[in-house]
Amino acid sequence: MLTLTNDLVAIGKSATDKADAIAQAVDLLTAAGKIDPRYGASMMGREKVANTFLGNGIAIPHGLPKDRDLIHDTAIAVVQLPAGVDWGSGERARLVVAIAARSDEHLAVLTNLTDVLGDEAEAEKLATTLDPADIVARLTGQAPSPANDIAPASDLDQSFTATIRGAHGLHARPATALVDIAKRFDAEIQLRHGERSGNAKSLISLLRLGAEKGAEITVSAEGPQAAEALDALRAAFAAGLEDEDDSAGDAAAGSAPSAVALEWEGHVLPGISSSPGYALAPVFQFLREDVTFDETAADAVAEREKLDATIQTAWRQLEDLYEEVWKKSGPAKAQIFRAHQEFLGDPEMIEAAAGLIAQGRSAASGWNAAFTERADLLAGMHDATLAARATDLRDVGLRVLKLLGRVTGGARLPDTPCVLVADDLTPSDTAQLDKALVKGLCTASGGPTSHTSIIARSLDIPAVVGAGQSVLDVANGTPALLDGMGGALVLSPTDTDRNWAEAAMNDLARQREIEARDRYKPAITTDGARIEVVANISDVPEATAAIEAGGEGVGLLRTEFLFVNRDHAPSEDEQAAIYSAMLDAMNGLPIIIRTLDVGGDKEIPYLQMPVEENPFLGERGIRFCLTHEPIFRTQLRAIFRASARGPVRIMFPMVAMTDELDAALRIAEEIRAEVGAERAEMGIMIEVPSAVLMAPELAQRVDFFSIGTNDLTQYALAMDRMHPTLARKADGLHPAVLRLIDQTVQAANAAGIWVGACGGVAGDPLGARILSGLGLVELSVSIPSIPSVKAELRSLSMEQCRDLAQRALACPDAASVRALGASR
């Protein structure tokens, strides 16, 4: 525990300027033997790149990470300046809390400063007290927060109470869920935890409540839609707010041999296991760009307009990043960037930046001060999960700042295999890493519940976090062993270290190699039944990758990706060229092209999509195409033109009724005749319960069905698969969904057509077994899953799969179905 003593507090001082104030604090730290006096220059260096003024007369100067070797012991010195000193742009600091930190022991002090920042009377007391013990007691937590001595914060007109049930409390994801809901209503809404209250439409405000698991929250509202808002929020709490899912990482870590039993012989820098696995490669230090900007600006109106426009640009960048990560790692990991968009639109942060701009700051300076202050407050909170969100807020803040300011230096990314070392990595940084080069990650800061850790696990990159600032001093090229199981970076590992790590790596790689070696073998069960394993793709490179991974074709080409990130629809020639290139890449293997599937959560502005109260129940999929027939006809012409290059199957999405299918088939036949193309197999996606109920009639009109398990699940269970509180319960292995699939297969068999699946369940090993047992003959999965799904099916008999499927159909809930997988 950090000790702050009276001799490190100077009372009643004055300073000529910021440099003088910092020098006085440095003198205190030097006299106590806590730092090398050269650390003062590092503190001034920090002031050139960041604003350390927090607000309410409090500044927290601290040095640059590269100079932490000048710190002998973590310590804090406080210089009280009753008259204040200019800290830049008219801000006056009266309490200078100088931090020299080798570790995270100082965070408790920052947590206590959070209360002071929100209480002008308390800040005034600390700035004028004549007793240094008052400051020591307040910053070390020995004195109670003044909030304990005042009446509770008042609630709004209507209210209810709820209990936080998530393991990590009210962290980013559940808070984002609440903000999403609150923003829908014309009402003032707040949450209160003890004496603290927060704006329910501000993500940062909610995170600062510090509500942990078991905390009682009062939710109150007033305004025209207060009652409706409270009903919606009450339902969200009752359903259970979405929590971080780290179970996969925990399970993976627990299933591997522990390195704790082995004492590494090299120099060990201990940290926290974040993503399991091992890596042997030289160290590469990651450096970000430098951003500079003017502190002041003459035209406040123009600067505010500049800030607003830049925030919109950053929002679009995050939308692109969301789509990229969605394709690479799935919607759960991509959802991180939805939370980033909430940070970006936080009303309190934007208001704070606007207020500084009105006082003469530039847009960049005002924004930098606003997001830095809030990130520092989050970093100082007691709960590690909440503190980890500071990295996400800094990521968002820097994204905007780089657009507003001048970027120099450029981020350094590796061009040879390495263990990447950084102070911390933002989700944006992690998402752009090349897995072929980055064999492991090690960060000085961060925790295992951070979004960076989650993405590292999704990319299957071993990672260690929280290893301390000393890792930043490791020279580039230093031989290293990253132990993602035990949580350590081992420098200059010995031959014994390498041999042990290589053996552990080989065990995992051996299984992957077997799967990869056999990836071109068909998925034939031990009793002779064959299941085609094909790929879900979105572009030409993925078509090539699908074949390389052992895919036997393409079961889903998502053509909507041709329409995004542009301001007009692709032409017929452009589409025909892309479809042709994909068919060439498939080298004679079949490809199922799904016609444009937009609506619901897939919005493309230039298509003039209607504004709908319930977009998931509106013009989605085939309905949109039929009401925008020119777009539909153009796409069909391109598909039929490309069909001369290889076997094409055409699939219509979101068909719910026979008349929709009849209209689509009529238009398709007209286009085929115009183009003069050969007949193509026609199919539909089974995604809504009405299609299941009408499957006997629909099957008479098409050549195949493809089960879209993701949408079928959300419509069958009435749970939006991207809903902030319900998505984790929308399990495609729920017996209700499986029974709908079984009913579909029976109808298809009676009509003599085949059934496949192209949703997430197909790539789940248990899901693949059950779907095969239900009678599906094709599974379309993400490219990385192809070898493992084929290997899974080759290890079983169809009799085993059918038995498993029947037992799953008889289960009462999804948990019971998943339990069957553990009993294999």
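This is a predicted model: local features need pLDDT of at least 70, side-chain atom pairs count only at pLDDT 80 or more; totals for chains, interfaces and linings use all residues.

Me: Why are helix 20 and helix 22 called oblique to each other?
Reply: The axes of helix 20 (residues 572-586) and helix 22 (residues 629-642) cross at roughly 40 degrees. Angles under 35 degrees count as roughly parallel and 65 to 115 as roughly perpendicular. The two helices are therefore oblique to each other.

Me: What else describes the crossing of helix 20 and helix 22?
Reply: The crossing is right-handed, and the axes come within 8 Å. On helix 20 the contact is made by residues including Glu572, Tyr579 and Leu583, and on helix 22 by residues including Thr634, Arg637 and Ile639. By class, the contact has 6 nonpolar, 4 polar and 4 charged residues.

Me: What makes strand 10 and strand 11 edge strands?
Reply: The open sheet has 8 strands in the order 10-19-18-12-15-16-17-11, with mixed pairing. Strand 10 (267-270) and strand 11 (272-275) each pair on one side only, and they are the edge strands. From one strand to the next, the twist averages 30 degrees.

Me: How do you know that strand 12 and strand 18 pair, and in which sense?
Reply: Two strands pair if there are at least two bridges between them. Strand 12 (residues 278-285) and strand 18 (residues 479-483) have 5 bridges, in the antiparallel sense. Ala281 stands opposite Ala480 in strand 18.

Me: Which helix packs on the sheet, and which strands does it touch?
Reply: Helix 18 (residues 495-517) packs there, touching strand 12, strand 18 and strand 19 (488-491). The direction of helix 18 makes about 115 degrees with that of strand 12.

Me: Why is Ser492 called partly exposed?
Reply: Exposed requires over 50% relative accessible area, and buried under 20%. Ser492 has 46%, so Ser492 is partly exposed. Ser492 is placed in the loop between strand 19 and helix 18.

Me: What is the phi of Ser492?
Reply: Phi of Ser492 is near 50 degrees, a positive value in a residue other than glycine. Most residues other than glycine have a negative phi.

Me: Is Met654 buried or exposed, and how do you know?
Reply: Buried means under 20% relative accessible area. Met654 has 5% relative accessibility and therefore counts as buried. Met654 lies in the loop between strand 24 (648-652) and helix 23 (658-675). Met654 also has a positive phi, of about 55 degrees, although it is not a glycine.

Definitions and conventions
Residues are numbered from 1 along each chain as its sequence is written. Side-chain values use heavy atoms; hydrogens and water are left out. Axes are lines fitted to C-alpha atoms, for helices over the stretch in contact, and angles run from 0 to 180 degrees between N-to-C directions. Helices (H or I, at least four residues) and strands (E, at least two) are DSSP runs, numbered from the N terminus. Angles under 35 degrees count as roughly parallel, over 145 as roughly antiparallel, 65 to 115 as roughly perpendicular and the rest as oblique. A crossing is left-handed if the near helix is turned anticlockwise from the far one by less than a right angle, and right-handed if clockwise. Contact means heavy atoms within 4.5 Å. Ala, Val, Leu, Ile, Met, Phe, Trp, Tyr, Cys and Pro count as nonpolar, Asp, Glu, Lys and Arg as charged, and the others, Gly among them, as polar. Buried means under 20% relative accessible area, exposed over 50%, partly exposed in between (1.4 Å probe, protein chains only).
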